Amino acid sequence: MKVFTTNHRSLGILYLYLALAAVVVGTLLSLLMRVHRVWPDAAIPFFGLMKPEDYLALVTIHGTLMIFFVLTTAPQSGFANLVLPAQIGARRMAFPKINVAGFWLTAVAFLVLISSAHFHGGAAISGWTSYPPLSAVPAAGPGQGLGMDLWLVSIGIFCLAQWLSAVNMLATILGERRVGMTWSRLPMTVWAWLVTSILTLLVFAVLLAAVILLFSDRHFGSSFFVPARDLINGQIVGRGDGSPLLWLHLFWFFGHPEVYIAVLPGMGLATSLFANFSRRSVPAYRVMAGMLVAIGLLGLVVWGHHMFVSGMNPYAGTAFALTTMAIAVPSTVEVIGWLAMLWGGGLRLPTPMLFALGFLSFFITGGLTGPLLAQPALDAYLHNTFFVVAHFHLVMAMAGIFSVFAGVYYWFPLMTGRVMNETLGKLHFWITLIAAYGTFFPMHFAGLAGEPRHYDRLAGTATSFPSLVPVERGITFSALLLAAAQLIFLWNVVASARRGRVAEANPWQATTLEWANGANVQPVVSGPYEYELQSSGNGFHPQWEIAAKEE
Amino acid sequence: MMAFACLMLDGARVAPLVPWMPPDGALRGVIVDRLMFGNLLALCIAALIAHLWVAFAILRRRSATNSFPAVGRWLLVTAFVAMYVWMAVTAQRLWAANRFSGPSLTAMQVEVVGEQFQWYFRHPGKDAVFGVTRPQLVNASAGNPLGLDPRDPHGADDVVSSVLVLPAGREVDLQLRSLDVIHGFFIPGMRLKENTVPGLVLHVHFTPALPGTYPILCSQVCGLGHQRMQARLMVVSPAEFNAWIVGRERTRAGGSDQ
């Protein structure tokens, strides 16, 4: 594989390697945090005693790595590069050179972010949301100098990279489809990537602008986000009269659709896998596709639900609460569509299907607390507590990562020509599922007890904190188990790539074109999920076969 | 159970409706708790049913020929939409009651100021007017953490405290400010949270009902001391409050004479 390959399949695998590197670092950082929270005065091996700013730097880099470099890259850029052109019957991407530039810029952004921890002052400490003035003034804390600058540079490069990548993906979906690949014949993953690429174009552009404005506040004497007479560390730093709330609006206009960028590809993939492994067509295909689009569109107008207690006008809070409640409707339609597909039973349960079911479980459990947090009166208690941490780790992080696992197990034959080991896969699934719930579900209780995020230890005036220590300890042990279980996965990937069972053509008896194995030269004449064609329920009609349906 | 018992000691007289939540000391807090309980119950039931559904589908080894009827799907969607509408309407009514209308005209005025990494609380004193503050005069070690301007006579009787002392049963109108970065003003026991934002003065109002001590936390990451940016709310009887504030005013008056 040459280094700057424009081959989209190689790029897809490179994206997955990058996401793997980021997820390994991000997970190790989270384990340091978990251990420190339970034993705050113990020296941690290879780290030593942790200062408060160290903990905040860990939170910041953990969140940034996971959201940007794992959940944005792997489900979208990784898998889409791997299979999207094949799924729509295209021979290549629309703009291969733009695509390759997107990947290498992403890699540079990753290196810049990682490097930020190694300079004077360490990494930024203002969280992945980087609210000013904390993020706008170097004197506001250690890490807010060069560390914060490098964070901004990294995210700026990342925005540009994702923007390029999305331009290519959107052009490919719009312009490179094979003859006969109509909108109603697209696999659901393609619908998801269509929506995420449009969201990426819209919202990463806004984030890039916001990052540039913040950088300008720090270095070019502007004052977009810093109010007049702002006093930080004994110095009056406000020059003009900017508004910190402006940053919150710009950031969350990006930040909320970002959640859908992370999870929509998983929804598309889950739909495909449920159809495949239940051997059923997707009920109400147009509705299911339409709901993905509806989630994307509504996702652009819900950002204010992150700001109910930010000082935003309470009437605006009501408006955002209603749009947020509205977005629960298409999500519910999707879930009920999946449940209806599963209802008839007779499921095949290989590892990719197990992970898709795990995705569904987390999407339900984590998603259902969404309508609760969408109520400003309740969010006014739960905002920035561990309840929210539980919510987004279940619905975004765990659902997202389970969809990535499902994708890796499912498409592994396309990457290596071999099938991953099923026994190890099932072991990996069950330990991961149980440990993930053990890690993130109890955080709901900590949140209800009022425990705020970003606290490096449970100490102080809050009398409910001591009672949470056993819960916190359980979460830490569970997190260690969760991380350890991933060694099974890594071992399975390495061992199966080298010595795994050689995959037959179309090993999952799938219908979509990435499994055509070079057979398709004809126009597409059938839908993406034509299973259960015979009364026995075992028939299927791949999109690369032109045999008429009546036969 | 142990955990639950510890929470009960938190100045509590009433067991909280939702397990894990600290006891509620605010007049209207019980409405929040009831709503929280109803929501959590509905969502737990929905999650449980969905998981039983998936378990049933997995255990159903033989594939059924008839799929789940479309009308059933739409009935389920309708039921959920009804639940979301119920949630939106009830929650909006509470939100409107808490935030759309201002406090009563007799509400007590207290200013809350957040700065890295300390909360300060200011009562306006006998004249009921807060004195002017200037950031360039802020000097905590010289006893002027808020930058009160000595030239403003309204400031002479202002009482600045690092403990929020309030009388039970009287509505309070809090003015929230920040000197430096965004902080989050959070009193779990009063079911109250609002950020303090530099450049803005934000108002929230509530009525502390049950005397006791309640933790005040910072809920918005504000720098390396975020975790220790905690304070206490002491809700006392009106008589005790009067004794406290008169004592503080006298101390301050004595201090300015010297």
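H6(A) passes H8(A) in a right-handed crossing, that is, the near helix is turned clockwise from the far one by less than a right angle. The model is predicted: local features need pLDDT of at least 70, side-chain atom pairs count only at pLDDT 80 or more, and totals for chains, interfaces and linings use all residues. Residues are numbered from 1 along each chain as its sequence is written, with chains lettered from A and ligands numbered from 1 in the order in which they are written.

H6 covers residues 188-219 of chain A and H8 residues 285-299; their axes come within 10 Å and cross at roughly 15 degrees. H6(A) is therefore roughly parallel to H8(A) (angles under 35 degrees count as such).

The residues in contact (C-beta atoms, placed from the backbone, within 7 Å) are these:

| Helix | Residues in the contact |
|---|---|
| H6(A) | A:Met188, A:Trp191, A:Ala192, A:Val195, A:Ile198, A:Leu199 |
| H8(A) | A:Met288, A:Ala289, A:Leu292, A:Val293, A:Gly296, A:Gly299 |

By class, this contact has 10 nonpolar, two polar and no charged residues, with Gly counted among the polar ones.

Chain B has four helices and 10 strands; helices are DSSP runs (H or I) of at least four residues and strands (E) of at least two. Along the sequence their pattern is α-α-α-β-β-β-β-β-β-β-β-β-β-α. The C-alpha atoms of chain B fill a box of roughly 90 × 35 × 35 Å along the principal axes. Of the 258 residues in chain B, 39% are buried (20 or more other C-beta atoms within 10 Å of their own).

How values were computed:
Axes fitted to C-alpha atoms, helices over the stretch in contact; angles between N-to-C directions. Parallel < 35°, antiparallel > 145°, perpendicular 65-115°, else oblique. Contact = placed C-beta atoms within 7 Å. Buried ≥ 20, exposed ≤ 12 C-beta atoms within 10 Å, placed from the backbone.
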